[in-house]
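Dear colleague,

Please find the structure below. My notes on it follow.

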Amino acid sequence: MASPHPPETVLGWVRDVVGGRISSIRSMGIRSTTLHAVDAGEPPRRLVVRRFHDAERLRSDPWYVPANEAAVLELLDDTEVPAPRLLAADPYGRICDVPALLTTRVPGRPAVRPWDMAGFLASMAQAMARVHEVPLDTALPPYAPYHDPAVRGERRPPEWSAGPELWERVFAALAGDAPETPSGFIHRDFHPGQTVWSGDRLTGIVDWTTGSHGPYGIDLARMRLNLAAEYGVEVAARFQQAYREASGRDLRHPYWDLTDAADAILDMPLPRTQEVADRYGRFEHWVAIALSEL
């Protein structure tokens, strides 16, 4: 269960940064990080304390680096990208109990199934285009697939798949060189679950730990993969068109779709409900289409 309050060392840090008292605190849950909504200062400011509590990931995961997220948020500070603004960082836990970031809190709620799919896709495509327009004048890590052979060994088809031969063909396709593609600043894990909405207006993009320098196509692939699994391949195709209209770029290459699909299966356990099994089925259908277009 998430703690109702961060430790006093964290609260003292927040008070020092904002120069005022804390008027309210509430847990926003625990996922990869522990999140608390905090209202502090005079007049109260809507803030988030993001604490990186996973000690094992801090030791071993190259994409779980608080200092990288702090650098990304600083990069975004003067842009039109609707991201939280960084107020303070304790990336090595020298003040707080664990590494922590203090940011503004973007208004709105997490994405839900939209009533206006066209507007939903257009808003996310426009936001992605803004991300890709950010000048990369900060040293950020280069893109790399989540699959590290030195850590995970050779790629293997997922246990839940009824068509392991499909995945063997995917792995064979990825053994070649990556295609040349436009690159720059990317979110690296941009999907609907990373967006915040107020009504039908996208108000925020969150979770920038994986921000990096890499192929724009991998952002497009990650978004389309999630849309295909949740809503079907036709919706993923519509996002491709929405991004093209928003950015003026036609970036899609099946190689990036397959690369991200091969990464995605690393965190897809055996399905325990029919709903999840259906989602996996739509995902594999998406993979088969991408493979046929390579």
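Helices here are DSSP runs of H or I with at least four residues, strands are E runs of at least two, and both are numbered from the N terminus. This is a predicted model, in which local features need pLDDT of at least 70, side-chain atom pairs count only at pLDDT 80 or more, and totals for chains, interfaces and linings use all residues. Residues are numbered from 1 along each chain as its sequence is written, and side-chain values use heavy atoms, with hydrogens and water left out.

Helix 1 itself covers residues 8–18, and its buried residues are Val10, Leu11, Gly12, Trp13, Val14 and Val18. Buried means under 20% relative accessible area, exposed over 50%, and partly exposed in between, with a 1.4 Å probe and protein chains only. The cover over these residues includes strand 1 (22–30), strand 2 (34–40), strand 3 (45–51), strand 4 (86–90) and strand 5.

Strand 5 runs over residues 100–104 and contains Thr103. Thr103 has 7% relative accessibility and therefore counts as buried. Leaving aside residues up to four places away in sequence, Thr103 touches Arg46, Leu47, Val48, Leu73, Pro84, Arg85, Leu86 and Leu87; contact means heavy atoms within 4.5 Å.

Next, a helix pair. Helix 4 (residues 117–133) packs against helix 8 (residues 233–247) at an angle of about 50°, and their axes are 8 Å apart. The axes are lines fitted to C-alpha atoms, for helices over the stretch in contact, with angles from 0 to 180 degrees between N-to-C directions. Helix 4 and helix 8 are therefore oblique to each other (under 35 degrees is roughly parallel, over 145 roughly antiparallel, 65 to 115 roughly perpendicular, and the rest oblique). On the helix 4 side, the contact is made by Met117, Ala118, Leu121, Ala122, Met124, Ala125, Gln126, Met128, Ala129 and His132; helix 8 contributes Val235, Arg238, Phe239, Ala242, Tyr243, Ala246 and Ser247. By type, the residues of this contact are 13 nonpolar, three polar and one charged (Ala, Val, Leu, Ile, Met, Phe, Trp, Tyr, Cys and Pro count as nonpolar, Asp, Glu, Lys and Arg as charged, and the others, Gly among them, as polar).

As for the whole, the protein chain has 10 helices and 10 strands. Of its 294 residues, 50% count as buried. The C-alpha trace spans about 60 × 40 × 40 Å along its principal axes. Among contacts between residues at least 6 apart in sequence, 69% join residues at least 24 apart.

Regards
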